[in-house]
Amino acid sequence: MSAKRAAGLVIFRCVNQAIEFLMLQTSYGEHHWTPPKGHVDPGESDWVTALRETKEEAGLSEEDLEVYKDVSKVLNYNVNNKPKVVVYWLAKLKNPETKVQLSDEHQDLKWLPLKEAQDISGYDDMKELLLEFNEKAKKLSC
Ligand SMILES: Nc1ncnc2c1ncn2[C@@H]1O[C@H](COP(=O)(O)OP(=O)(O)OP(=O)(O)OP(=O)(O)OC[C@H]2O[C@@H](n3cnc4c(N)ncnc43)[C@H](O)[C@@H]2O)[C@@H](O)[C@H]1O
């Protein structure tokens, strides 16, 4: 069975030298929280999907972000008994005051420090990803 594929960006910003992650809440289903991401269209690369979905779901362009192409992680989980693969890259919002603009797919957004972002995500694999990305982000200039 071929896996459903999605890609996105785990975006952080630095506020008073503290790291905060962007989490979006879906306006459908269980109203779960994830970073911006979405399905890879036929013929599209994961990278292009991640940038496209970030623009569509958060209104942020590549120019607004420093995307760390060498910092990525893949999550594998099942949705309705079908495998799903999600690729995330780490990205920093260059200007922490840039406003996020939601699409109809999401009803709320939060910028959260590690522990709160982990709690709201609800899934162990995302908690682990956020921990790893937080360690990387700490080594980058804030
Ligand atoms: N229930 C619903 N009702 C109405 N329209 C819906 C719908 N689900 C999807 N849609 C439609 O699909 C579109 C989304 O398309 P896209 O925006 O292109 O794709 P996506 O982010 O990958 O979708 P989704 O939210 O389903 O994925 P996730 O893996 O987070 O989430 C999929 C499932 O996996 C769970 N999940 C999320 N992260 C997980 C993880 N790390 N581990 C295990 N499960 C996880 C989530 O809780 C969720 O149950 C929306 O526009 C909407 O119209």
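What share of the 142 residues in the chain is buried? Buried residues account for 46% of them, where buried denotes a relative accessible area under 20%, exposed one over 50% and partly exposed the range in between (1.4 Å probe, protein chains only). The structure is a predicted model, in which local features require a pLDDT of at least 70 and side-chain atom pairs count only at pLDDT 80 or more, whereas totals for chains, interfaces and linings use all residues. Residues are numbered from 1 along each chain as its sequence is written, and side-chain values rest on heavy atoms, with hydrogens and water left out.

The mean pLDDT of the chain (the predictor's confidence in each residue, from 0 to 100) is 97, and 99% of the residues score at least 70. For the complex, the predictor reports an ipTM of 0.92 and a pTM of 0.96.

Three helices and seven strands form the secondary structure of the chain; these are DSSP runs numbered from the N terminus, with helices (H or I) of at least four residues and strands (E) of at least two. Their order from the N terminus is β-β-β-β-α-β-β-β-α-α. The radius of gyration of the chain, 14 Å, is close to the 14 Å given by the globule rule for 142 residues, so the chain is as compact as a globular protein of that length; the radius is taken over C-alpha atoms, and the rule is 2.2 Å times the number of residues to the power 0.38. Of the contacts (heavy atoms within 4.5 Å) between residues at least 6 apart in sequence, 70% join residues at least 24 apart.

One aromatic pair was found, on the criterion that ring centres of Phe, Tyr and Trp (its six-membered ring) lie within 6.5 Å, with planes under 30 degrees apart classed as stacked, over 60 as edge-to-face and the rest as tilted. The ring centres of W47 and W89 are 5.1 Å apart and their planes stand at 90 degrees, so this pair is edge-to-face. Because W47 belongs to helix 1 (residues 46-58) and W89 to strand 6 (residues 82-93), the pair ties together parts 42 residues apart in sequence. W47 is buried at 18% relative accessible area, and W89 is likewise buried, at 10%. K69 lies over the face of W47, 4.3 Å from the ring centre.

Q101 is located in the loop between strand 6 and strand 7 (106-112) and is exposed, with 56% relative accessibility. Beyond its neighbours within four places in sequence, Q101 contacts E57, A58 and G59.

Terms used. Lys NZ or Arg CZ within 6 Å of the ring centre and 35° of its normal.
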